[in-house]
Amino acid sequence: MRTALITGITGQDGAYLAKFLLQKGYQVHGMVRRGSTLPFERIADLTDRIELHQGDLLDQMALNRLLEKVQPTEVYNLAAQSFVPTSFDQPILTGEVTALGVTRILEAVRTVDPTIRFYQASSSEMFGKVYEEPQRESTPFWPRSPYGVSKMYGHWMTVNYRESYDLFACSGILFNHESPLRGIEFVTRKITYAVARIAQGLQNELRLGNLDAERDWGFAGDYVEAMWLMLQAEHPDDFVVATGQKHTVREFCRLAFERVELDWKKYVVVDEKFYRPADVNTLCGDPAKAKAELGWEPKVSFEQLVHMMVDADMKRVKADIKLLKEES
Ligand code: NAP
Ligand code: G4F
């Protein structure tokens with residue numbers, strides 16, 4: 001039986017990947033860090049089918065011991081401090097986890113079992129102030145945040161360990177991917193959750209930053225398949241994973257509010273508090289290599305994604321209201 005270890009299993013992608021690998025017949029292990037509360041909401045329906053272990057990308061010895069114990073055939077390194085604004089406030093922590101954390105887990109793989117296939121969650125944030133459009137594997141990087149710089153370090157360490165030690169190490173340069181499991185602070189989920197609350201009369205405005213920012217948004221459920229495909233290939237390599245289409249934050253708002261028959265202009269307020277010291281104004285990826293070499297293509301359209309997220313938040317908010325009524 002193939003055995004996978006996922007770091008960041010409690011995050012959005014971790015939850016989708018764990019489910020995907022279980023369906024493929026894998027034995028799935030996840031690394032979780034200790035907190036004062038349990039962060040298992042996204043994987044609540046999987047906990048009887050996966051094995052969780054404590055660990056942290058900050059702790060080299062714990063990573064080595066974990067690989068020795070689990071003996072995975074594949075490691076998916078999804079753990080990161082992944083929120084760009086936090087990386088401006090906590091650049092050193094972001095570097096420790098999102099950059100050096102990659103070296104620590106690569107060292108663990110190299111030391112414990114160099115035959116392990118390794119996936120690194122790299123990011124389109126590395127393209128930053130883009131040199132060309134669309135961005136592809138050969139596009140130079142120009143990161144615009146401590147997060148983007150950290151991801152770039154992790155990306156090149158993955159390439160370096162592949163070239164230096166012949167590891168089967170792949171870097172997936174994934175463009176923004178969203179879902180009903182997306183963290184509430186990211187712009188898409190912030191919008192869809194607010195839309196649901198506004199539609200239910202619980203809130204009357206939505207404060208956002210840069211509405212002109214353009215992103216190539218896809219569905220997380222589609223993107224975890226690309227991660228897996230990279231590790232099934234004959235040779236390790238790096239791939240852009242994207243839809244090839246971009247939309248503004250404004251367009252996302254319009255579609256999301258339209259789903260509940262509201263006019264976004266009546267509710268969205270621009271608040272400079274949400275501007276970043278340096279933003280990535282536009283991102284649009286070229287997934288041609290992933291299509292040609294992995295046979296990967298996105299299935300969910302932008303409109304379907306927005307609708308899926310609004311519908312899920314409407315359901316959640318209605319359930320919360322019902323619960324509150326029952327309790328009072
Ligand atoms: P996410 O929801 O923010 O999840 C991040 C995960 O990392 C959580 O499970 C978190 O655990 C864990 N983590 C954070 N610090 C850790 C540490 N020191 N040690 C161990 N685990 C730690 O992120 P996501 O959206 O699923 O993204 C997955 C990966 O893909 C990340 O590396 C992200 O940077 C990258 N990426 C994401 C996108 C996107 O659009 N989603 C695009 C490109 C790349 P807790 O639950 O305990 O906080
Ligand atoms: O949703 P965001 O916070 O995602 P961002 O910064 O693109 O990063 C995400 O995607 C990366 C892939 O490119 C990942 F690597 C990373 O881990 C993360 O998952 O912001 C998207 C855009 C930005 O330009 C931001 O300025 O939306 C703009 N925006 C406008 N108002 C806002 C807001 N972003 C947030 N979070 N909150 C706002 O109120």
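Asp-166 sits in the loop between helix H5 (146-165) and strand S6 (168-174), where helices (H or I, at least four residues) and strands (E, at least two) are DSSP runs numbered from the N terminus. Asp-166 has a positive phi of about 65 degrees, even though it isn't a glycine. Most residues other than glycine have a negative phi, and most peptide bonds are trans. Another backbone feature turns up at Pro-134, which is joined to Glu-133 by a cis peptide bond with omega at about -5 degrees. Pro-134 belongs to the loop between strand S5 (117-123) and helix H5.

A quick word on the ground rules: this is a predicted model, so local features need pLDDT of at least 70 and side-chain atom pairs count only at pLDDT 80 or more, while totals for chains, interfaces and linings use all residues. Side-chain values use heavy atoms, with hydrogens and water left out, residues are numbered from 1 along each chain as its sequence is written, and chains are lettered from A and ligands numbered from 1 in the order in which they are written.

Now for the domains. At the interface, 13 residues of domain 1 are in contact with twelve residues of domain 2, contact meaning heavy atoms within 4.5 Å. Together the two domains bury about 1,200 Å², 60% of it on carbon and sulfur atoms; buried area is the accessible area (1.4 Å probe) that two parts lose on being put together, summed over both. Arg-144, Glu-178 and Phe-219 supply 39% of the area that domain 1 buries against domain 2, more than any other three residues.

What else crosses this interface? The rule finds one salt bridge there, a salt bridge being a side-chain nitrogen of Lys or Arg within 4 Å of a carboxyl oxygen of Asp or Glu. It also finds three residue pairs in polar contact across the interface, both residues at pLDDT 80 or more. A polar contact is a pair of N or O atoms within 3.5 Å; within protein, one must be able to donate a hydrogen and the other to accept it, and residues adjacent in sequence count only if both atoms are side-chain atoms. On the side of domain 1 that touches domain 2, helix H3 (84-89) and strand S10 (218-219) each supply at least two residues. The largest share, three residues, comes from H3.

By the salt-bridge rule, the count comes to 23. One of the salt bridges pairs the side chains of Arg-215 and Glu-125, at 3.7 Å from N to O. Arg-215 lies in strand S9 (residues 214-215) and Glu-125 in the loop between S5 and H5, so the pair ties together parts that are 90 residues apart in sequence.

On to the ligands. Ligand 1 has 25 residues around it, with Thr-10, Asp-13, Asp-56, Ser-82 and Tyr-147 coming nearest; a residue counts as near if one of its heavy atoms lies within 4 Å. A polar side-chain atom of Asp-56 lies 2.8 Å from a nitrogen atom of ligand 1, and a polar backbone atom of Leu-57 is 3.0 Å from a nitrogen atom of this ligand. A backbone N or O atom of Gly-11 lies 3.1 Å from an oxygen atom of ligand 1.

Ligand 2 is surrounded by 24 residues, the closest being Ser-123, Ser-124, Tyr-147, Arg-276 and Asp-279. Ser-124 places a polar side-chain atom 2.6 Å from an oxygen atom of ligand 2. With Ser-82, a backbone N or O atom lies 2.7 Å from an oxygen atom of ligand 2. For Gly-209, a backbone N or O atom lies 2.8 Å from a nitrogen atom of ligand 2.
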